[in-house]
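Dear colleague,

My notes on its core and its aromatic residues follow.

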Amino acid sequence: MARSIRKCAVIGAGVMGATIAAQLANVGIETLLLDIVLPELSDEDKKRGLSKESKGFRNKLAQKGLEGSLKSRPASFYVKKNASLITIGNMEDDIQRLGEVDWIIEVVVERLDIKKSVYEKIEPFMKPDTIITSNTSGISAGDLCEGRSGRFKKHFAITHFFNPPRYMKLLEIVPGPDAIPDVIELLAETCEKIAGKGIVVAKDTPNFVANRIGTFSMLYTIKAMMELGLTIEAVDSLTGPIIGRAKSASYRTADLVGLDTLLHVAENVYDGAPDDEKREIFKAPEFVNEMVKRNLLGEKTRQGFYKKEKDGKGKKIILSLDYKNLNYTEQEKVKFASLEAAKNISGTGKKIKSLYYAGDLAGRFIFLMLSETLIYSANRLPEIADDIVSIDNAMKWGFGWKLGPFETWDAIGLATSLAKMKEEGYAIPQWVQEMLDCGKDAFYRRENGNTYYYDPGIKDYKEIPVKPGIILLPSLKERNKEVASNKGASLVDIGDGVACLEFHTKMNAIGDDIINMVNKSADIVSSEFEGLIIANHAGNFSVGANLPLVLFTAQEEEWDDLDWMVKSFQDAFMKLKYLDKPVVAAPAGMALGGGCEICLASDRVRYAAETYMGLVEVGVGLIPAGGGVKELLLRNTDHIFEVQRGGLYPKQIELMPFVARAFETIAMAKVSTSGPEAVELGYLKETDSMTVNRDYLIEDAKKTVLAINMEGYKPPRPRDDIRVAGENTYAMIKLGLWSMHQSGYITEHDITVSSKVGYVLCGGNVLEYTKVSEQYLLDLEREAFLSLCGDPKTQDRIQHMLTTGKPLRN
């Protein structure tokens, strides 16, 4: 688009306003963060010597908001230096600066009168084409812009971010009644492509889309719980990951959101939707109202549906609320036959189906809760959104559901579920019954690599358009674009001479199948393609090597087999590194251990903003052995020797601090909390690039391959000139480890493992500045890895990690 948004202002520096500002800064948008000037000095202000004219006082709320976002957990900023793009101010001294911005986001308290007073105050300072939006979660767009000028109304919309804005993909856009299409298009384009959001255009109805469905589902969950006599913890065991919902399930989520907030959202619907057939559900049960009276609001008051305490031994325990008397009790162990059975079923849809038709109490609860939610969702068309895709996306992106309501309905089977619902006396939405009567027994269908959804308006299926810039590997496979595959990985032709290597094991753990496909892909790309990207659509890029296989082989003392496995791992990654065609890795989610190492072996990395990268092997008593130690050494020291061209000789530079940085990163198993932080930790290079919206990551990686070729790709050559720090630096590392052990910070086994890391980084027992080859360092890695595999304490650590998912300190 010709016009773009380069500078924003956020009015209201509370938690939501400050974290929205943080996300705008994360993506490179300069942001002005404003709030009111407090009427009086506090005692603390007076102690600090502030006056009413002091900037420290006048910008106090904005400063507090910015500081809060810097301290927030999970982190609001990709890296803290992004905060430099935020300028703080106040609504008296800095209001004229609103004339400098392209987009103003109002994030003040949820009261119509206060929001309207803000608009009246700021409108005189706005440029003619400035876009103004509200982050309201439920107030009508028509009511918000009532009484404003025609110019204001043309540029007004609601942009409802979900909390926390950095992590929640959903952004609901509700156009104002007079908003011009160009404004909505620019907002959608900016928020999707630059800010990384998933856009759902909602109708101007109470609570829009996600909160309308989500709040109904939550309140009906409470109703069903009470009717069936279930406990808080029993319901949470049934409404979390087992049915594709967040780990926080129902009541832990309510505690995080705040019970007062939940009731406020519910009241919005009750007051604003008098014709809603389920209106009475939005009146909270009496015990919930009593919880609010007693200030049992959840996380913000440290007690809600759950409460953290310490037992007689000082151990932290989490108590659950008995809603019959509002007392806290120890959580009961939840056991349902259908729940245990569902845990052993693969696939979210199949788990839900199993529970929905189960005959025990858990099955009854899931049947009631899901049936009500599905029917309610169907009855909201076209009231809250134009199509089922918007509703499904809103619930997936805003509430973290793996399957939206209509996808869930398909999973449990439309015809069978309708028959069961009718037996129970449910009124089926007319359009759903008509759809089934016409022989259409699913809301979605796939054909020739395309997905179609049922549109009740035309009583037929419509194709879901794939936006330019989005590559979907399953669709390409359905179009016979798969070049090669095995159980662990596939090579897919993604067009323009570029192939994609896709992993598809559990958690994308790297085993023999993936290594075999890496080698095969390298051979095919070398002869038939112009370049390779490594990417997938899974939640995690790769969590590293197949630990159960490593442990089993070590316990059986099959050392030759283990040596061959590690050597194969190393050789495959070296093959990628020196391939005669460019290789671009495109990680998203966790890229740990071997998942990190395959990125280190690539020519370039196009990473998702939410990439959590690290060499974590020391956590299980091992060291990286797929080239990770070698590559991190190179990334921390190679730049030193480039200065030779300027006349500075390498022996004048002390290698110790650079090696120490690499050592600290590996020995502490540091994992980045974002893609940009992976650059700061040295896992990624400044020349690597970020994609904020993961939907576009594969296309962006493909473009990176094409750009490298356009520049003229020259493959690297194996190195035999790597200068190492040698035995003196290694001795210093061992001394530091001994000191930490003496102080009680690390165990003897930590010393054993970390010493191996230091030994490889320093190049073994050689003199400083000795030149070694890559293969020499790889051999050191492999030898260290094998020796640690034979250590019983390492085997205990691996077993503990596999059993509990947590590291063991022994």
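Contact here means heavy atoms within 4.5 Å. By that criterion, and leaving aside neighbours within four places in sequence, W431 is in contact with A378, L381, I388, F406, F443, Y454 and P456. Please note that the model is predicted.

W431 is also among the residues that touch the most other members of the largest nonpolar core, which has 115 residues. Helix α16 (residues 361-379) gives the most to this core, contributing 11 residues. A separate, second core holds 88 residues, including L532 and V566.

There are 22 aromatic pairs in the structure. In one of them, the ring centres of Y251 and F305 are 4.7 Å apart with the planes at 55 degrees, so this pair is tilted. Both Y251 and F305 are buried. The rings of W431 and Y454, by contrast, form a stacked pair, because their planes are at 5 degrees, with the centres 6.1 Å apart. W431 belongs to helix α20 (residues 430-437) and Y454 to strand β13, so the pair ties together parts 23 residues apart in sequence. W431 is buried at a relative accessible area of 12%, and Y454 is buried at 3%. Ring pairs join W431 and Y454 in a cluster with F406, W409, F443 and Y461.

Strand β13 (residues 450-455) runs antiparallel to strand β14 (residues 460-463), and four bridges join them. Within this pairing, Y452 stands opposite E463. The charged end of R445 sits over the ring of Y452, at 4.8 Å from its centre.

With kind regards

Key
Residues are numbered from 1 along each chain as its sequence is written. This is a predicted model: local features need pLDDT of at least 70, side-chain atom pairs count only at pLDDT 80 or more; totals for chains, interfaces and linings use all residues. Side-chain values use heavy atoms; hydrogens and water are left out. Two strands pair if DSSP finds at least two bridges between them. Helices (H or I, at least four residues) and strands (E, at least two) are DSSP runs, numbered from the N terminus. A nonpolar core is a set of buried Ala, Val, Leu, Ile, Met, Phe, Trp, Tyr and Cys residues joined through side-chain atoms within 4.5 Å. Buried means under 20% relative accessible area, exposed over 50%, partly exposed in between (1.4 Å probe, protein chains only). Rings of Phe, Tyr and Trp (its six-membered ring) pair if their centres lie within 6.5 Å; planes under 30 degrees apart count as stacked, over 60 as edge-to-face and the rest as tilted. A charge sits over a ring if NZ of Lys or CZ of Arg is within 6 Å of the ring centre and within 35 degrees of the ring normal.
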